[in-house]
Amino acid sequence: MTKKWLRGALTLVVFSQVGVWGQNIQNNPTSNHGNKFEQLGTILPDANTYRTASGAPGHQYWQQRADYVIEATLNEKDLRLEGKETITYTNNSPDVLTYLWLQLDENQHSPNAESNNFDGSKVSKPITSSDLDRLDYKRMLDGYGVNILSVTDLYGKKLPYTINQTMMRVDLPVPMKPGTKYSFKVEWNYKIPERMKIGGRGGYEFFPEDGNSLFTITQWFPRMCVYSDYQGWNHKQFTGRGEFSLPFGNYSVTMNVPADHVVCATGTLQNASEVLTPAQLTRWTQAQNSLEPVEVVTLEEAKQREKNPEKEKRKIWKYNAENVRDFAWGSSRKFIWDAMKNEALGKKTMCMSYYPKEAYTLYRRYSTKVVSHTINVYSKFTIPYPYPVAISVEASNGMEYPMICFNYGRTNEDGTYSERIKYGMISVIIHEVGHNFFPMIINSDERNWSWMDEGLNTFVQFLAEQEFDNNYPSSRGPAHKIASYMSLPPDQLEPIMTNSENINNFGANAYGKPATALNVLRETIMGRELFDHAFKEYARRWAFKHPSPADFFRTMEDASGVDLDWFWRGWFFDIQPVDISLDSVKAFVVNERGVVDTKVDSVMSRVPKEDSFEFISKIRNRESGMKFLVDIDTTLRDYHYYTVKEAGPKPQKVGRSQADFLENLDAESFKNYEGKFYYELSFTNKGGLVMPIIIKWTFADGTEEIERINAYIWRKNEKNVVKTFVKNKEVVNIQVDPYRETADIDESNNSWPKVLSPSKFEIFKSKSSGRR
């Protein structure tokens, strides 16, 4: 070995990347060079005067409007809902319309609904009565579905209509020109489903212990479909999964119910003095300025109503709601009602909860405060909450509507509850209240793209959970928690950009993966400052409008100045997972005797993997000065909060052996490099999804360093990368993705020296040895 070779070798270490990448491109035609980093181009729809290339609404953007006046009657004895409505439809489009499309969602429960046969079925063992009911669905659904009694103009003249499953076309007597309005009337009724048995979002739950029911009235009236610039009429059938696509409008609704029922609904109560007792009205007035929940309708009042029901007398509750896309309500004599004010970003909102006694211990303590917390956090990351109320209703399920949502959270008979139930309840309240922003305000098309509301909402839900308590056990958001889903065989996966009805693993694909993707964008790709500004800009641009996926993708790039096409392509349009393997490490030093090649032995150490994404998230939260709700309001600390939990095992330090130098060379000219350590790392992209390479260096003196390499390292060769790093200290351990922030599906190839995770048996044995 000569000095000339030595100089060449050191030059190669520092400058050889371009040449090597060029050879890889030319000599490896199967590398698909450039595909993962090319712009989305024609994958996205062309920009136009309605939707710009920046992702903002264009100067000719338009959307339709539908205003409703509705009279509803709840027949508790016959379990039937009767309704009359007047719809005023405004044609803001440049098109002439000859008919209108309405949605009849309750026809989902019709025994003749085609969606009953969309999925396969088989006899399970052991079989239950519920299984038999599902197989014999026509008997189970007998009598369900919407009965349209009449469709007329304002003067009572019949309008021709056609019902196609869950859609109804109303033919207009004269074409609607752009800029005109048309009003018509619909009268209907339907049998209210027992949702705890046949499923669905709306219906009733019967409580055999006291003989009363809790009604959740949702998707209950014939509603206008969306007519948009990019799709025309959205009359894709409702089968129960892909949710809703609805225009904005004003609502004036009266609900005729048994006199001892309490009604909660979208909007503001117009006749409190007529439906509340004097004591309840006084408490309602107190709640208007209270920063603590006030029981407007008390536990004792609810218990008395349960024991002495008034089934003959009636009351009419009146609610109005402005600029909403839907209207839902609940009714029951079982309801307890508490309320408090919130002033998020200077605007007053009444935060409220309605719940039966079966949920009292949990809901009285947490629900309304969680509603308020959700409004605060979401307003910070999107736009200030614009509506006057936000309501959480305990109904043993989870579903969202403007200003009102239905959640779960029952306690044991003695009022106790597990920590799992508590956090599950808090999470579902945050999630469902958060839906006020996605999609009730930022009004995306749920029927086609579930991820645009569920995924974005689950992402902000994670942020709200982390601000509730720095030790909050979030189930979605951290990258490593989606890795098991992304590691499934390809035939069990589909891209996030899959129509709502066609998703196999709905929870992971519509909720978990898009929420994780946004978390990765915020924490790993863009950084919090750039991401938060762009995300907020998307919310601002599309509040009270109808965004499409392209509008979101384009806005995030436009407002941040970060090219994200490679990210959208990999995470949203593909199914490949992340698996970046650290294949080999070569170490060099330079001293007065020349270059020393320190050979790496295949040392293996058993080091338990820590749950590190939460760790770095908590560190960043603390660094930002975040104040957690459980610290601000210590009444939210229950007996679970003070339970001492055992700390998990900590990672052990591992070392490596070194070999002597290869040759004794005169290296006088290389004294400037004395004391430097050169580490040549070879990586393979085994998963296919390109991501940044995040490296944690542990040095011989015990110090550590995090180094982040942009995903563009893969742009010249998407399969293999070799990169050399220069360090001032000797390295004893290298770990890729140390905080588990990229969703890497195989962490066994992320470390040097090789790190083996303990087997399930070893974990069990370790835990068992500590038992007495």
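User: Hi! What should I know about the model and its numbering before we start?
Analyst: Residues are numbered from 1 along each chain as its sequence is written, and this is a predicted model, where local features need pLDDT of at least 70, side-chain atom pairs count only at pLDDT 80 or more, and totals for chains, interfaces and linings use all residues. Side-chain values use heavy atoms, with hydrogens and water left out.

User: Thanks! In what order do the 4 strands of the open sheet run?
Analyst: The order is β5-β6-β3-β10, with antiparallel pairing. Strands here are DSSP runs of E with at least two residues, and helices are runs of H or I with at least four, numbered from the N terminus; two strands pair if DSSP finds at least two bridges between them.

User: Which strands stand at the edges?
Analyst: β5 (161-164) and β10 (223-224); each has a single partner strand, so one side of each lacks a neighbour in the sheet.

User: And how many bridges join β3 and β6?
Analyst: There are 6, between residues 97-103 and 167-176. Q103 sits opposite M167 in β6.

User: Switching topic: is T382 buried or exposed?
Analyst: T382 is buried, at 1% relative accessibility (buried means under 20% relative accessible area, exposed over 50%, partly exposed in between, with a 1.4 Å probe and protein chains only). T382 is in the loop between α9 (360-381) and β21 (389-394).

User: What does T382 touch?
Analyst: Leaving out residues up to four places away in sequence, T382 touches F437, F438, F535, K536 and A539, where contact means heavy atoms within 4.5 Å.
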